[in-house]
Amino acid sequence: MWQLDNKVAVVTGGSSGIGLATVKRLLGAGAAVAFCGRDPHRLAQARAQLLAQWPDARLLASQCDVLDPVQVSDFAQQVQAQLGAASVLINNAGQGRVSTFASTEDAAWSDELNLKFFSVIHPTRAFLPQLKAAPSPAIVCVNSLLAVQPEPHMVATSAARAGVRNLVRSLATEFAPFGIRVNAILLGLVESGQWRRRFDAREDQSLDWAAWSARLAADKGIPLARLGDPAEAANAICFLASPLAAYTTGGHIDVSGGLSRHA
């Protein structure tokens, strides 16, 4: 379906959530997959879960902080040595920061901008030589609807996400002569560990997840009246990574259940 058979794909932040869902989609499509994360316990759990489902998979799980260029470079070398040159890079690492302009200190601004930009810059720089040599190479960045529809209670994250959207477009232009496509998805509210933790801390303990998330979707004004599933985001990511999107670069797919107010 995805035409990703035998390709080598790399997923950062791949041990949970959308990253793990994407690893599963890629393995199901016949790709060899390397994924990384910072938590060794979570990585080991994810690896065991994946190998239970795909025992013959060509799979590499590596502890790596994408904000450390040395660790990312080492990860790229591991991928090349164990799986071969990567032809797909999914930049997925990073979470949101809840804060207003008044409550965001300089250090928090620096942390947020550093995370959002260098979680893309370091892996892209490290894997670029492999991508240049690969057939039909593609980079996909997991971004947020905040890039075009900022929220005042997430001011730093919104600003950083807008910058990443611009970066994707710039990279698409610069890498086009090498045949490397660069695209992104813009996420709305998707089920995640963050939302599950907020659910666990809910005031009304009588609400189950379905009722609580439906109320959240209604409060946020999501037309499809629910949160997204990580697998749905993974589908959009795999499409952009695949030859099915061979004439698409510098683009952004909206995965927000209709929450976007922008054409």
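Buried residues account for 48% of the 263 residues in this protein, which is presented here as a predicted model. The fold comprises 8 helices and 7 strands. Its radius of gyration is 18 Å, close to the 18 Å that the globule rule gives for 263 residues, so the protein is as compact as a globular protein of that length. Taken along the principal axes, the C-alpha atoms fill a box of roughly 50 × 40 × 35 Å.

The structure contains 4 salt bridges. One of them joins the side chains of Lys116 and Glu112, with an N to O distance of 2.5 Å. Both residues belong to helix H4 (residues 106-133), where they stand 4 residues apart, about one turn of the helix. Lys116 and Glu112 are both buried, and together with Arg97 they are linked in a network of salt bridges.

Arg196 and Glu191 meet through their side chains in a salt bridge of 2.9 Å, N to O. Arg196 counts as partly exposed because its relative accessibility is 31%, and Glu191 is likewise partly exposed, with a relative accessible area of 23%. A further salt bridge, at 2.8 Å from N to O, connects the side chains of Glu232 and Arg226. Here Glu232 is partly exposed at 34% relative accessible area, and Arg226 is partly exposed at 39% relative accessibility.

The surface also carries a patch of positive charge, in which Arg42, Arg197, Arg198 and Lys220 gather. Within this group, Arg198 is found in helix H6 (residues 193-200). The relative accessible area of Arg198 is 37%, so this residue is partly exposed.

Definitions and conventions
Residues numbered from 1 in each chain as written. Predicted model: local features only at pLDDT ≥ 70, side-chain atom pairs only at ≥ 80, totals over all residues. Heavy atoms only, no water. Patch = residues over 30% accessible without salt bridge, like charges linked within 9 Å, V, L, I, M, F, W, Y side chains within 5 Å. Areas by Shrake-Rupley, 256 points an atom, 1.4 Å probe, with all protein chains shown as cover. Lys, Arg positive; Asp, Glu negative; His and termini not counted. Charge placed at Lys NZ, Arg CZ, Asp CG, Glu CD. Helix = DSSP H or I, 4+ residues; strand = E, 2+ residues; numbered from the N terminus. Buried < 20%, exposed > 50% of the residue type's maximum accessible area, 1.4 Å probe, protein only. Rg over C-alpha atoms; globule rule 2.2 N^0.38 Å.
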